[in-house]
Structures are given as C-alpha cells and as structure tokens.
Amino acid sequence: MKIKKRIVSRQEHLVSRDAISDNALKVLYRLKDAGYQAYLVGGGVRDLLLGEKPKDFDVATDAHPDEVKGLFRNCRLIGRRFRLAHILYGRDVIEVATFRGPHEGESTTRADQNKEGRITRDNVFGSLEEDALRRDFSINALYYNIRDDSIVDFTGGMDDLQHKMIRMIGDTQTRYREDPVRMLRAVRFAAKLNFQMEHQTNNLIFELGDLLEDIPVARLFDETLKMFQGGYGLRCFQLLREYRLFELLFPMTEASINLSQDDHSATLQLIEQALINTDARIATGKSVNPAFFLAVLLWHPMHEYKHRFIERGQHEMEALLSASREVIIRQQAHTSIPKRLSLMMREIWHMQPQLQHPTRKRALRTLANKRFRAGYDFLLLRNKVDEPELTPLCEWWTEIQTKKISEQEAMCESLTRPQKKSGKRKRRRRKKTVTHHADVSSANVGSSE
Ligand code: ATP
Ligand code: MG
C-alpha cells in the first residue's frame, strides 16, 4: 500500500474544539502538557467531520499504558487482547490507546496469529503511522492533533469520507482474515453512515463470511448489540441478510424466515417492526432493552420447538418452558447471551399465555409482574404485525393500566364466568394446537439439528 501522509490544517476542516467533549479535551491537554503526542481518533473524528455527534471519544498517544496511569488518578488499565487505559469521569469514559505497531516485521514482540491468519494477541507498540495502518477502515483512521488542531490522514480517509466510501486499509483479504469481525463492522458502518463499500471491501464478505464462525461467541454478541441498538438497526439487519452474515449469527431465525414461501414471513415482519420501533425509541433518546429484541428474534424459532415438544406429548405450558430453554441453549453456540438477558427473554415469552388468557385470579398478578411492560409491549407488537385477533386483549390490558386499583379489581371480576370462558378457551386452544401440528409437519426447522 502506498502511504501518503496528508496534514489537513485547521483552516481546511470543520472540526472545532467546541464540538469535542470537555472530558476528552482534558485528557488530550494533560497528555500534551506532559510532553506526549495526543490525538483524537476513530469514530469521534469521523463523526465530527460528518457533522454528527460522536457516540464516544477515543484518544491515541505515544505514552505507554503505565505512563498514562501515572498521569490520571481516575485511570483503569483494562484488556488482555489490547491493553488500554480508561479515564473515568463518572459514567463518561475516555479510552486512551497507545499507538500500536505492525503485526510483522522488526518488532521483537510480534503479535500472535493463528493458522487462518487471525490475530490472537496484539499488543505491540508503534508509531502514529503504524497505528493508522492497523485500523480497519480509512474513515476510522483520521487523527485530530491537539497541538495544532490539524487532521493527519495516512490512508485517504478524508477523500473516502467525502465520497461516502468504506474502504479497508491494506490488503482487504488479509485484514478480514486477521479479524473477521471487520466484516460485521463494515456492514455496521455502511448502515450507520449510509455509505457504500469499496469493491473489494464489499465482495470479499461473501467469500469470507464463514470465518465469523471461529470468533468467540461473546464478541459476536457484543457486535450484535452494537448493530441492533445503535439507532440504525433496521438497515443493519437488512444489510446483514444481504451479505449472508445474519444466517451465521442467528441461523434458527434465518431458517424460520425462509419457511415462508413468499415475502410475508411473520418472523421477518415481527423483526422489522421491532427494529422500526427500536430505532424510533433511540432517535428520541429513550432506552431500549436488548432482551426484548432478542425475544423477538427467537420468538418463532422458539414456537417451532414448542410444537415439537407438544407433538412429543408435553402440555402447552410445559412445552413453552422446554422450548424457551432449548432455543436459548442452541443460540448460545452462535452468539452468547448473558444470563440476565436470557432470563428476561424467557419471562417475556412465558408471560404471553398469561396475557392472552387473563383470569380473575391471575390478571392482577400479571399486571404487577416486574416484566409486565416488556411482556405487554411484546403482545402489542405481535398484534400489530400478524395477530389481529389479539386486539380486544391488547385493548383490555391497555385499559386496565389506566385504572385505579378498585377499578382494576372490577375489571378482573368481570372477566366473565370462569366456567364458560375457560370451556370456550379450551376448545379454541385445542383447535389451535391441531393447526400447529399441521404447521410443524410441513416445517423444516432442522438447520441447527
Ligand atoms: P462507533 O461510532 O461505533 O463507536 P468507532 O469507529 O468509534 O465507531 P469503535 O469500536 O469505538 O468504533 O473503535 C474505535 C476505533 O478503533 C475505530 O474507529 C478503528 O479505528 C479502531 N478499531 C476498532 N475495531 C477494530 C478492528 N476490529 N480492527 C481494526 N481497527 C479497529
Ligand atoms: Mg467509538
């Protein structure tokens, strides 16, 4: 790769100090005043140049981690793969990384690679230029120099930003092999920034996607969250499917989508609607619960297992419990799911029959459940997407939340005479079970079996 260092002076770019957070500035100044080099780098610079508000600020320096620690009382050293300094200001964290060097060449401590070319340890210090070359995409390798407010560009990142282009630095094939997660990152930035990928950066994903199967599932889970909880989840999901990467992360979900012969897969619609809602919530600064979206992703696969358990003679609720467990265990072979979230997913699923069949005795308990809100939102989503028959129930649950306790009790009391209602319900349920059996017999869920 031909390296041509370009320095873009303060007069030639639009990044002003005012747009950089006070905490990031404090870190940059302190490093500079102690005689070290200090640059803002990565997504922070990229987003500022695009006129966007950065999610976080990363700093690169020639100070070694221990030297950084010596300068800041509020510093924690973290990371095994990369040793990084975190400077903590309450909940705001400024990440400070020492320039990293090449994986091969003169360094005495070479980064370790496995036989596929994947880097398994990468803690070799280097120069600013070397640091730029080991970053992923040119638009992520721009350095804002706190000394003179210039931007240093070794890889053509300024031009690529202007042309809305995601271009891997160096030999694309080698770089994807070193770290296959870069494929997910390419997709994520294409979705987030609405950029195109350069030809090779684009095409090699189809060839090398399978390498993601060797990545630790915990890392894949982290990337998954970034993709779906970044405010551009719908676009990410669509691109992941186009690049055939989604099927590597969520094979059961992909199989469930493909069960449908036409474009009206209920699984697909549920996911897309959930992502539309998630993106809208994030756009208005509301929080999102990752367990909710995971529950959406695996809802239909879970159901397919449930029907199998029913076929094997389990009762509806027992089958639901077994299927929830089964589907989560299977998914964890592809992306890990922290216990806290898998518990929440199960609670959301298990609440669905309670919400669908409120009884005089149980309805108030369901309402008081700490996951009620998530379970109720899930019911509304199902209703909106492809279960119009749930409308009266959704309205009932919506109404009861607006009432005083005495009125809520009255609403529960009037849940008709239990005898008649449960009889009716049983008939309906039995009928539904029969249809499910029919569905399952023609279904091919076996991708992961
Ligand atoms: P975001 O807006 O999502 O934070 P970002 O570009 O800041 O985007 P980070 O994951 O925060 O992404 O990483 C910070 C920087 O570290 C990147 O801009 C890139 O220069 C470098 N980087 C991160 N992950 C990799 C990787 N897998 N390979 C090479 N460089 C990477
Ligand atoms: Mg970042």
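A cavity, on a 1 Å grid over the protein atoms alone, is a set of points where a 1.4 Å probe fits but cannot get out. Its volume is the space filled by probe spheres set on the points, with grid points joined across faces, edges and corners.

Now the ground rules. This is a predicted model: local features need pLDDT of at least 70, side-chain atom pairs count only at pLDDT 80 or more, and totals for chains, interfaces and linings use all residues. Residues are numbered from 1 along each chain as its sequence is written, chains are lettered from A and ligands numbered from 1 in the order in which they are written, and side-chain values use heavy atoms, without hydrogens and water.

Cavities, then. The whole structure holds two of 30 Å³ or more. Which residues line the largest cavity? They are Thr224, Leu225, Phe228, Gln229, Pro290, Phe293, Leu294 and Leu297; lining means an atom within 4 Å of a point. Two elements give two or more residues each: α9 (217–228) and α14 (290–297). Helices here are DSSP runs (H or I, at least four residues), numbered from the N terminus. The largest share, four residues, comes from α14.

Next, leucine 184. It sits in helix α7, residues 181–193. Is leucine 184 buried or exposed? Buried, because its relative accessibility is 0%; the cut-off is under 20% relative accessible area (1.4 Å probe, protein chains only). Its contacts (heavy atoms within 4.5 Å) include Leu212, Glu223 and Met227, leaving out residues up to four places away in sequence. Cysteine 236 is 52 residues from leucine 184 in sequence, yet 9.4 Å away in space, C-alpha to C-alpha.

Conventions: Buried < 20%, exposed > 50% of the residue type's maximum accessible area, 1.4 Å probe, protein only. 1 Å grid on protein atoms, 1.4 Å probe; cavity = no way out; pocket = protein on both sides within 12 Å on 5 of 7 lines; lining within 4 Å.
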